Amino acid sequence: MDRRQFLMTSAAAAALTQLPARGHAAFEITRTDAEWRAMLTDLEYKVMRKEGTERAGSSPLDKVYDAGVYHCRGCDLALYSSQAKYDSGTGWPSFWESLPNAVGTKPDRKLLRVRTEVHCRRCGSHLGHVFDDGPPPTGKRHCLNGVSLVFRAA
Ligand SMILES: [Zn+2]
């Protein structure tokens, strides 16, 4: 692949991740509802497939600061590095950036204030929300559900 092809592919990939999630067609990895239910606990299913939220402070990953990578529980894609993890004090695992080409976002209008929903780029599993009150260098706070993640120590 030459540089021009690579740039075009990257641009196409970037454009894809900007699209709102429409059904399941936009994602590389798709599973039926029955398949998701079979591979996930009730809580994981509710959070990852129905955009639910785990109870604050309930995830052991909130207090994990070991070196490693956080993968998507739905498809094992590497999503976040421990290097971008910080203690937001919210009770949810928080990061100031995702790994490149790992997540997609869409507007979430469930509350009065529009929030930015964040999900796995590859399988569409819901991760959490992105807020603008994070630390430098990005100022972003990716506020995630620990049940959507699998931590792999480096
Ligand atoms: Zn995934």
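**View 1. Strand β8 and its two partners.** β7 and β8 run antiparallel and are joined by four bridges. Two strands count as paired if DSSP finds at least two bridges between them. V130 has H142 in β8 as its bridge partner. β8 also pairs with strand β4 (residues 94-95), again in the antiparallel sense, over two bridges. Here S94 stands opposite C143 of β8. Strand β8 (residues 141-144) is covered on both faces. R141 and C143 are buried on one side, H142 and L144 on the other. Buried means under 20% relative accessible area, exposed means over 50%, and partly exposed lies in between (1.4 Å probe, protein chains only).

The model is predicted: local features need pLDDT of at least 70, side-chain atom pairs count only at pLDDT 80 or more, and totals for chains, interfaces and linings use all residues. Residues are numbered from 1 along each chain as its sequence is written, and side-chain values use heavy atoms, with hydrogens and water left out.

**View 2. The zinc site.** C72, C75, C120 and C123 coordinate the zinc ion through their SG atoms, at 2.3 to 2.4 Å. Donors are N, O and S atoms within 2.8 Å of the metal (3.2 Å for Na, K and Ca); water is not among the atoms, so sites may look incomplete. The angles subtended by the four donor atoms are 100 to 116°, which makes the arrangement tetrahedral. Four donors count as tetrahedral if all angles lie between 85 and 135 degrees. For four tetrahedral donors, the ideal angle at a metal is 109.5 degrees. Along the chain, the donors of the zinc ion follow the spacing C-x2-C-x44-C-x2-C. C75 sits in the loop between β1 (68-72) and β2 (78-81), and C123 in the loop between β6 (115-120) and β7 (126-131), so this pair ties together parts that are 48 residues apart in sequence. C75 counts as buried at 10% relative accessibility. C123 is buried too, with a relative accessible area of 1%.

View 3. The structure holds twelve salt bridges. Each is a side-chain nitrogen of Lys or Arg within 4 Å of a carboxyl oxygen of Asp or Glu. K110 forms one with E51, with the closest N and O atoms 3.2 Å apart. This pair links distant parts of the chain: K110 is in the loop between β5 (103-108) and β6, E51 in the loop between α3 (42-50) and β1, 59 residues apart. K110 is exposed at 52% relative accessibility. E51 is partly exposed, with a relative accessible area of 23%. K110 also meets D108 in a salt bridge (3.4 Å, N to O). D108 is buried, at a relative accessible area of 2%. The side chains of R115 and D108 form another salt bridge (3.2 Å, N to O). Both R115 and D108 are buried. Salt bridges with shared partners join E51, K106, D108, K110, R115 and E117 into one network.

**View 4. Helix α3 and its packing.** E44, Y45, V47, M48 and R49 are buried in α3. The buried residues of this helix pack against α2 (33-39) and β7. Just after α3, E51 takes a positive phi of about 55°. An α-helix has 3.6 residues a turn, so residues three or four places apart point the same way.

**View 5. The nonpolar core around L79.** The largest nonpolar core has 22 residues. L79, Y80, L127 and L149 have the most contacts inside this core. Elements giving two or more residues to the core are α3, β1, β2, β6 and β7. A nonpolar core is a set of buried Ala, Val, Leu, Ile, Met, Phe, Trp, Tyr and Cys residues joined through side-chain atoms within 4.5 Å. Neighbours within four places in sequence aside, L79 is in contact with Y70, H71, C72, S98, L99, A102, V103, C120, L127 and L149. Contact means heavy atoms within 4.5 Å.

**View 6. The whole chain for orientation.** The chain has three helices and nine strands. From the N terminus on, its elements run α-α-α-β-β-β-β-β-β-β-β-β. Helices (H or I, at least four residues) and strands (E, at least two) are DSSP runs, numbered from the N terminus. Of the 154 residues in the chain, 43% are buried. Among contacts between residues at least 6 apart in sequence, 56% join residues at least 24 apart.

Terms used:
Tetrahedral: all angles 85-135°; square planar, octahedral: opposite > 155°, others 65-115°.
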